[in-house]
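Hi,

Here is the structure I promised to pass on.

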Amino acid sequence: MGFVLLVFLAWLVLVLFTSMNKKLTFIENTFVYLAAMVIHINVTWIVYEELNVAHISQQILNNSAFLIHRSITLPITLAITLNLVRTAPSLSSKFIKVAVSVAFLVSAVMIARYFGIVDYKKWNIGYEIIYLFLLHLVVQFLLKYFGQLKTRGVNEA
């Protein structure tokens, strides 16, 4: 059941992303997707494999659900959020959009925990929330830096 729910969330996020009016360019969306995925893969590898503060199920469907969440749901959700943040008129509106995104991702993690896909040993949902907020900030910063590099490259050419 956990596999089905996480695949449904990934499908839902993909449909939302393909049907939404995007404010970022194709290259910026690709950059956000790849940056979020690379950072998240490395953090999960450190948390789950190196520090052993959490455990990933070794059952095939549960492990596949974890990989789908890690590689599809989370990076696409960040891309959707950063597209929406680009159109937000105020700082509070931007913060609310990021908070909704974090709440969605935390609900996916709660589903994974409930169905035994992920088991926390010395890790808790508070750490996950802090990590997801920091991930949003880091990817936003990297996107801003990427935009400056793109502009600088055009001006120097």
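(Buried means under 20% relative accessible area, exposed over 50%, and partly exposed in between, with a 1.4 Å probe and protein chains only.)

Before the rest, some ground rules. This is a predicted model, where local features need pLDDT of at least 70, side-chain atom pairs count only at pLDDT 80 or more, and totals for chains, interfaces and linings use all residues. Residues are numbered from 1 along each chain as its sequence is written, and side-chain values use heavy atoms, with hydrogens and water left out.

Back to Tyr127, which sits in helix H5 (residues 125-156). Helices here are DSSP runs of H or I with at least four residues, strands are runs of E with at least two, and both are numbered from the N terminus. Together with Ile130, Leu134 and Leu137, Tyr127 makes a nonpolar surface patch with about 420 Å² of accessible area. A patch takes residues with over 30% relative accessible area and no salt bridge, joining like charges within 9 Å and nonpolar side chains (Val, Leu, Ile, Met, Phe, Trp, Tyr) within 5 Å. The areas come from the Shrake-Rupley method with a 1.4 Å probe, and for residues only the protein chains shown count as cover.

Now the inside. In soluble globular proteins, nonpolar side chains tend to be buried together. The largest nonpolar core in this model has 22 residues, and Val32, Leu78, Leu132 and Val139 have the most contacts inside it. Helices H1 (2-19), H2 (26-50), H3, H4 (91-114) and H5 each give two or more residues to this core, and the largest share, 7 residues, comes from H3. There is also a second, separate core of 16 residues, which includes Leu6, Ala108, Val109 and Tyr120. By core I mean a set of buried Ala, Val, Leu, Ile, Met, Phe, Trp, Tyr and Cys residues joined through side-chain atoms within 4.5 Å.

If you leave aside neighbours within four places in sequence, Leu132 is in contact with Leu74, Val102, Leu105 and Val106. His69 belongs to helix H3 (residues 60-87) and is buried, with a relative accessible area of 8%. With neighbours within four places set aside again, His69 is in contact with Leu74, Pro75, Leu105, Ala108 and Val109.

Ala10, in helix H1, is buried too, at 4% relative accessibility. Not counting residues up to four places away in sequence, Ala10 touches Ile68, Ile72 and Thr73. Asn63 is another H3 residue, and beyond its neighbours within four places it is in contact with Ile56, Ser57 and Gln58.

On to charges: side chains of opposite charge can pair when their charged atoms come close. How many salt bridges does the structure hold? The count is 1, using a side-chain nitrogen of Lys or Arg within 4 Å of a carboxyl oxygen of Asp or Glu. The partners are Arg86 and Glu28, whose closest N and O atoms are 3.9 Å apart. Arg86 lies in helix H3 and Glu28 in helix H2, so the pair ties together parts that are 58 residues apart in sequence. Arg86 is partly exposed at 44% relative accessibility, whereas Glu28 is buried, with a relative accessible area of 8%.

Last, two of the helices. H2 has 25 residues that should span 36 Å at 1.5 Å a residue, and its end C-alpha atoms are 35 Å apart, which agrees. (The expected span is 1.5 Å times one less than the number of residues.) Among the buried residues of H2 are Asn29, Met37, His40 and Tyr48. Just after H2 comes Asn52, with a positive phi of about 55 degrees although it is not a glycine. Asn52 lies in the loop between H2 and strand E1 (54-56) and is partly exposed, at 45% relative accessibility.

H4, with 24 residues, reaches 34 Å from its first C-alpha to its last, close to the 34 Å expected. Its buried residues include Ser93, Val98, Ser101 and Ala112. Gly116 follows H4 and has a positive phi, near 75 degrees.

Cheers

Definitions and conventions. Contact = heavy atoms within 4.5 Å.
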